[in-house]
Number of protein chains: 4
Amino acid sequence: MSTINISTLEEEVLEKIRQIADAIINKIIAYQRDFHRFAETGWGEIRTASLIARHLVEMGYELEIGREVIDPESRMGLPSRDDLEKQYHRAIKQGADPEFSGQLRDGFTGIVTQLVNGKGPIIGLRFDMDALGLQEARERKHRPYREGYASVNDGVMHACGHDGHAAAGMGIAEILMQMKDQVRGTVRFIFQPAEEGVRGAKAMVKAGILDDLDYLVGHHVLSSMKCGEIASGMSGYAATSKFDVVIRGKPAHAGGNPQSGNNALLAAANAVLNLYAISRHSNGATRLNVGKLNAGTARNVICPLAVLEIETRGANNELNQYMYKKAENIIKNSVRMYNCEYRIKFMGEAPTADSDPALMELVETCGREIGNLTCRRIHRAGGSEDFTYMMKRVQENDGLAVNIGIGAALQSSDQDNGQELNIPLAAHTSNFDFDEKAIHTAMILVTSLIFKIMDRERK
Amino acid sequence: MSTINISTLEEEVLEKIRQIADAIINKIIAYQRDFHRFAETGWGEIRTASLIARHLVEMGYELEIGREVIDPESRMGLPSRDDLEKQYHRAIKQGADPEFSGQLRDGFTGIVTQLVNGKGPIIGLRFDMDALGLQEARERKHRPYREGYASVNDGVMHACGHDGHAAAGMGIAEILMQMKDQVRGTVRFIFQPAEEGVRGAKAMVKAGILDDLDYLVGHHVLSSMKCGEIASGMSGYAATSKFDVVIRGKPAHAGGNPQSGNNALLAAANAVLNLYAISRHSNGATRLNVGKLNAGTARNVICPLAVLEIETRGANNELNQYMYKKAENIIKNSVRMYNCEYRIKFMGEAPTADSDPALMELVETCGREIGNLTCRRIHRAGGSEDFTYMMKRVQENDGLAVNIGIGAALQSSDQDNGQELNIPLAAHTSNFDFDEKAIHTAMILVTSLIFKIMDRERK
Amino acid sequence: MSTINISTLEEEVLEKIRQIADAIINKIIAYQRDFHRFAETGWGEIRTASLIARHLVEMGYELEIGREVIDPESRMGLPSRDDLEKQYHRAIKQGADPEFSGQLRDGFTGIVTQLVNGKGPIIGLRFDMDALGLQEARERKHRPYREGYASVNDGVMHACGHDGHAAAGMGIAEILMQMKDQVRGTVRFIFQPAEEGVRGAKAMVKAGILDDLDYLVGHHVLSSMKCGEIASGMSGYAATSKFDVVIRGKPAHAGGNPQSGNNALLAAANAVLNLYAISRHSNGATRLNVGKLNAGTARNVICPLAVLEIETRGANNELNQYMYKKAENIIKNSVRMYNCEYRIKFMGEAPTADSDPALMELVETCGREIGNLTCRRIHRAGGSEDFTYMMKRVQENDGLAVNIGIGAALQSSDQDNGQELNIPLAAHTSNFDFDEKAIHTAMILVTSLIFKIMDRERK
Amino acid sequence: MSTINISTLEEEVLEKIRQIADAIINKIIAYQRDFHRFAETGWGEIRTASLIARHLVEMGYELEIGREVIDPESRMGLPSRDDLEKQYHRAIKQGADPEFSGQLRDGFTGIVTQLVNGKGPIIGLRFDMDALGLQEARERKHRPYREGYASVNDGVMHACGHDGHAAAGMGIAEILMQMKDQVRGTVRFIFQPAEEGVRGAKAMVKAGILDDLDYLVGHHVLSSMKCGEIASGMSGYAATSKFDVVIRGKPAHAGGNPQSGNNALLAAANAVLNLYAISRHSNGATRLNVGKLNAGTARNVICPLAVLEIETRGANNELNQYMYKKAENIIKNSVRMYNCEYRIKFMGEAPTADSDPALMELVETCGREIGNLTCRRIHRAGGSEDFTYMMKRVQENDGLAVNIGIGAALQSSDQDNGQELNIPLAAHTSNFDFDEKAIHTAMILVTSLIFKIMDRERK
């Protein structure tokens, strides 16, 4: 009996999902473009989060917000107090909702809400909201500029599609609220700050909001995959550590008595060379980059201060730890070599995590049922993504997690070379853009997956 | 006959000099404190120079100013167009004389004037005017702060006494104008911009204003020498080259395809290590410092751009050239090692030059005649000073040059340890200060030296 | 009809192979132990090759030897003329057959022979013969020492089983000669010098002796795999380049005039650091090692000469080329940085090559038919092997090639952890040893594979 | 009264010295050439010392020898036990006197003897005996080769004139023994091993043989100064430390598991770069050289062992200590950076020391009295010389010390450019040679200085 009914039910459900999605998609895209226009970097997504909060509350959701869902100590790569303050005032000026902005202020830009109806699985949905510190292209061939929603915030840009993710989350929340009666279980919405730099997920994990989840679903638009294609589960995110190193030496006049200085720049330069020389590891890929080095006060002064921004990566957590431990030892001894002192400041961290095949199969089933979606499996996502923190937590509790890729290439030609996809690399450029149809796809696919999961649990 | 008369004349002359100096010293010190309060860095000394110009013109001097005395191409370490513009508007706002400010604008802050009376030697006097990029101490024990003339310009400070030199120049111009009838020959006043960083002298030399000098006299207050002492001639300034290196690489995602980047930061770090490793030279002291290194755009991007601020020094010009040539070769090959490109930008340069003993003897004679001045010879000045550019030009034309040190220590105790003096090191600190009596001494000593030189020529 | 007959034939054939192998195995093992005792390094295998030649000639084979099968210009890592001469005299003294030694002398230690009977495929068999520059363990638990056949040549040891390969080749030649009537086609025996350091294969390939092969079969004893197991085809050998760098500088007294030296040691040290810092490549594994660095003449002399021994590796030829090109650029510019000169001398080189699956299947079939052999596939061999040069040549001509692994672990316990095998790493140690039963297995397996191939071709 | 008598005495004395010197000079030069032919490096001067011993004993001197005058623990840069043994057997084979060779064996090649007559000052004379590890030129224009006394010992050569010093010591001993009655006081002869590498003096100082000296006199032939000229006292030897660093890492297969190695070569290379980058010191000249670096076992093995040969120098002891301490810190931390271990082994050490002006004046007086000698003062000797260890000990006890330079240039032309002499640099080359007349000069000058000192003490 069950399978036939369910199957019947699903067709109806799917049809309903489609109807609502079609009805609200223009509003949702308007939200996405608005977020794009007022792009906000991690821990400063006050305007974005406040508008999401407003939308949720208006639909009848009750919110947990700010300190309720963010562990203060676990936030990484937090801007300075001053910068956070400036972000707040900018957000207010740009139309942040004052009702919520106070709670979101000071680096607490997370929102959690849920829809509960009867017994059933607890399913978490995660959406990131932050933009990148990147200057958006101001040229006609760049659609956001041409159509007037390029970022008004200098040096800040949504170049990774999180504006679309956040908007999709709002859409899914709207669809589900309208279909609340069909829901059997709990759907928890997690709007996460500061994914860029893998800084924000940990603080929400540590706040405990994922501890009771049976399922966790995330998604990411993929500008490198055709619109109409989906990747049933992204895996192989590199484990990564992001950290700053502050080296303190002693200044001295470089002409008069150079020997009395402790040269922090030389210590840093020596560290850099040796960091890149860390041995390859036979167990898999590793990476290290010193992305920035700023050192010195004046040409004629032995440099007393150097700051390095570093990241390590590994194909798995052990490989990343291997890199980090080696890096730490090199930094320590390079600094001592020049009688300097140092401090390491963690700025971001993400483990590896793989999408669960069982859940990927459900995604693929949904894809087929929705129709006109081509399903692919992706072996290697490349880059890093702190959703892995959340996936790992759920998987540790025997839950299942998946991160779905939504094809979003603007032009369908010459983007798919049939090879393994190397997704996030197309992003993070000043003319990044994606097809907004992907938001529609994400809304339908994720919502239908929720019903599919609930259906599966009932059986 | 001559010697008796001269001797007689000199006593009168000296007495006259003293009288005028005593009469104007308070006004001159007021100028110095005013310059100190509105401290201006090199090529931006618009307010300072304009007030000097006003003073000179009011006394009856005719000026050459700006482009008339500065060769545009030979200016080194010029601030950006934007910065120069900001300096101009700041100066105007802080009371620069509008009559002269237009000519001084855009990095042309030099003034030359002269007093001519009959036939005789052409004697140049040089005064520098610029402050340092240093935040002045804001504490009661620091007199300029306590007495209300600490710099109002953030991060700019007269920490090397050039405010005093400029004021002394104004005083000497006033004394000589009053004694014009006794002058036999030409006294040329050279107010030079941008001595700090050894950036300004070359542009005035190249403008030709020193080409006909028979004598050249400069002075420097010495906070490390007792007030009442003078150094008859400072020598042994290191030859130095100041230059920036811009290294351009190619960015790439550090996780996704690091191999496609050309790492400018790594090229820079490698250059730094090898630069410090340039071999010592058996012919004398050499120095190299990489004072600043700024590189990189983001933690996860292979660095595409690095900027180094470097200086070399040598006990003589050959040694400095040795260092510079080696440095250039290291930079070139380190950059090529990483398939990057580079550009070297000269920011300052000064040769070595020694005070002429014949002129030093005259200084010593003046010192004795003035009375209550103790005369010392200083063998090694340390540091660099671009007055050497001017000295060298005059000496090449068989003229004589001297740079006099004027003891200016605020406290007479424990500053003189009887060892070789290492002068400039006491300067360039945030609580630098000196005894203003030194300005009075400088005025009398330099003026009497002028008469002594003219007297000598007559014989 | 054919399949049944063949199958019948094969049983007889296999039985015959077994009988002969059993009959000669003691003699063959005696050869292996004799080669082990008089271990000879690459290009110096005069005694070994001469005894193989004697054995082949006595059985009725006609030889091509020395310059006939070795292209002089393509030999890599050749010892000095002096060393080769010493090797020759040592070999003669240790019982090399004088009839052949003259032709093998001077770095021409290769032998080729063949057995032809009727029309059929041309099948090449390759056997390497050289030992390593390693001091053999002299301790009772090391069987060769205990049983009196440890190497008598100081610092030379068969630690990779090539003694066993060469002996197996002699055994196979003997079996096939006795079964000549059953052969249909050509079996060519290739005894190759200087596999260690991947130095010898290229010279035989360039001599043209593989150009007409339809099949190529090699084998390697695997001390890391149980006796009784075989790997049907080893693949994934790293592409590698081995090269020496000679850096020439200029000496100078380090105290008296260090600046006049060009420091080759410093150039080398700088190259080393930067070589290890070559960026990882996202397309796969890469390696670089500076295994040796010898530099300098005396403590107080700026070093005029440095020699580095370097190798690069890549998971494929492109990756190895990436590493080599980067390395070359680093060396060039590091040397120029110190006004030195350099020369790169190729010492070895091997591409990647994979065993052909079709041939691997035949091996597996043989393994099953022989019985009591467990067949495994090995994905990754690790290390490098210059048999790949030969495989590549045959494969380029549309031939098939395979390199078979023969399990040879002395103790069957705890060596197989069920994970991917990492074969060659167990070798190259001073107490390397293997179970001689593997020679017997190799003789039977390779011979039966030859008949299997000929059988296949007939169908 | 005294002055007249003394003066009279001195003429006689001088005449007597001349007569004896003339009589024995050919024998003495024969000794020098014999020592030259059988050149022996430091701690292996068994043949040389034994022949000196024989000569002294035959004249009636009593010897202290070997362990009696050498502190075993203070010997630096001692060859290996094996090498010392080889030296012994070589020496015996080349005609070492067996009576003394046993005591000189094992690195105890020092001899002390003295001549005592009545009360008077205790005057020490020091002669070094060792050759350099250098291959002597084999060309006709090189006199030792042309005249058949070039070194027969491969790679060992008297290229610093110590053969002449030792021979002169034998001559002075002979003259004084013949004039014993005129002696008033004690003349102690010190034949020191291992001056090259500044290794031997400390062990004789620590043995206490200089503790009671009132005067200490050494001499050195100067190939860079004309024959007939003398330098009354050499000063300004650099303080120096010579040391080896052994770095131990952990080997690993560079292809298979590079990460498990600890790379001693990389640690060494990094140390080298940073060692040369030690900051210049404003108090005076410093030097550092890594003269040799030998590292690694095989191309494909992460290097487990590196040995560096290093020296530091300073214009004075403090500057040398500054360099050494910095070097030690760099080595320590560079080694730790790569998880390696290290050991520093002292191979030589010498302080700075200056000749006493009072004694230099006596030398000059002697020079004038002897006639046809031109006296110069030398300010800077350059290089290092471990006689300074002995000078320092005597000076610490309020004694006076001098090291006399004896002009010995073969060709009188173009060697004296009137500039400051840079003596030891002309030595240490494969075609070093000097005019043997200098030995005659040394004998007469040093002997007459002894009488002059005794005369002075009497007054």
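In chain C, strand S3 (residues 122–128) and strand S4 pair in the parallel sense over seven bridges. One of the bridges can be named: Gly124(C) has Arg188(C) of S4(C) as its partner. This is a predicted model, and the pairing is read from its coordinates.

S4(C) has another pairing. Strand S2 (residues 111–117) of chain C runs antiparallel to S4(C), over seven bridges. Here Asn117(C) stands opposite Gly185(C) of S4(C). So which residues of S4(C) are buried, on one side and on the other? Gly185(C), Val187(C), Phe189(C) and Phe191(C) are buried on one side. Thr186(C), Arg188(C), Ile190(C) and Gln192(C) are buried on the other. Both faces are therefore covered, since a residue counts as buried when 20 or more other C-beta atoms lie within 10 Å of its own. The count for the strand, which spans residues 185–192, is eight buried residues of eight.

Next comes a helix of chain C. Met177(C) lies in helix H6, residues 162–178. Leaving out residues up to four places away in sequence, Met177(C) touches Met59(C), Gly60(C) and Leu115(C). Leu56(C) is 121 residues from Met177(C) in sequence. In space, their C-alpha atoms are 9.7 Å apart.

Now chain C meets chain A. Seven residues of chain C contact seven residues of chain A. On the chain C side, helix H8 (264–276) and strand S8 (286–295) each supply at least two residues. By class, that side has four nonpolar, one polar and two charged residues.

Turn to chain A itself. Its secondary structure comes to twelve helices and twelve strands. Along the principal axes, the C-alpha atoms of chain A fill a box of roughly 90 × 50 × 45 Å. How does the radius of gyration of chain A compare with that of a compact globule? For 459 residues, the globule value would be near 23 Å; chain A has 23 Å, so the two agree. Burial can be given for the chain too: 61% of the 459 residues of chain A count as buried. Consider also contacts between residues at least 6 apart in sequence. In chain A, 86% of these join residues at least 24 apart.

Chain A is divided into two domains. Domain 1 covers 2–236 and 353–458, and domain 2 covers 239–350. Their centres, taken over C-alpha atoms, are separated by 35 Å. The contact between them takes eleven residues from domain 1 of chain A and eight from domain 2 of chain A. On the domain 1 side, the residues that touch domain 2 of chain A are three nonpolar, four polar and four charged.

Two copies of a chain are related by a rotation about an axis and a shift along it. Chain A superposes on chain B by a rotation of 180 degrees, with 0.1 Å of shift along its axis. The RMSD is 0.1 Å. That is the relation of a two-fold axis. Through which surface do the copies meet? They meet through the same surface, because 100% of the interface residues of chain A are also interface residues in chain B.

Note on methods
Residues numbered from 1 in each chain as written. Chains lettered and ligands numbered in written order. Predicted model: local features only at pLDDT ≥ 70, side-chain atom pairs only at ≥ 80, totals over all residues. Helix = DSSP H or I, 4+ residues; strand = E, 2+ residues; numbered from the N terminus. Rg over C-alpha atoms; globule rule 2.2 N^0.38 Å. Buried ≥ 20, exposed ≤ 12 C-beta atoms within 10 Å, placed from the backbone. Contact = placed C-beta atoms within 7 Å. Domains from an automatic or database assignment. Nonpolar A, V, L, I, M, F, W, Y, C, P; charged D, E, K, R; others polar. Least-squares fit on C-alpha atoms with pLDDT ≥ 70 in both. Pairing = 2+ DSSP bridges.
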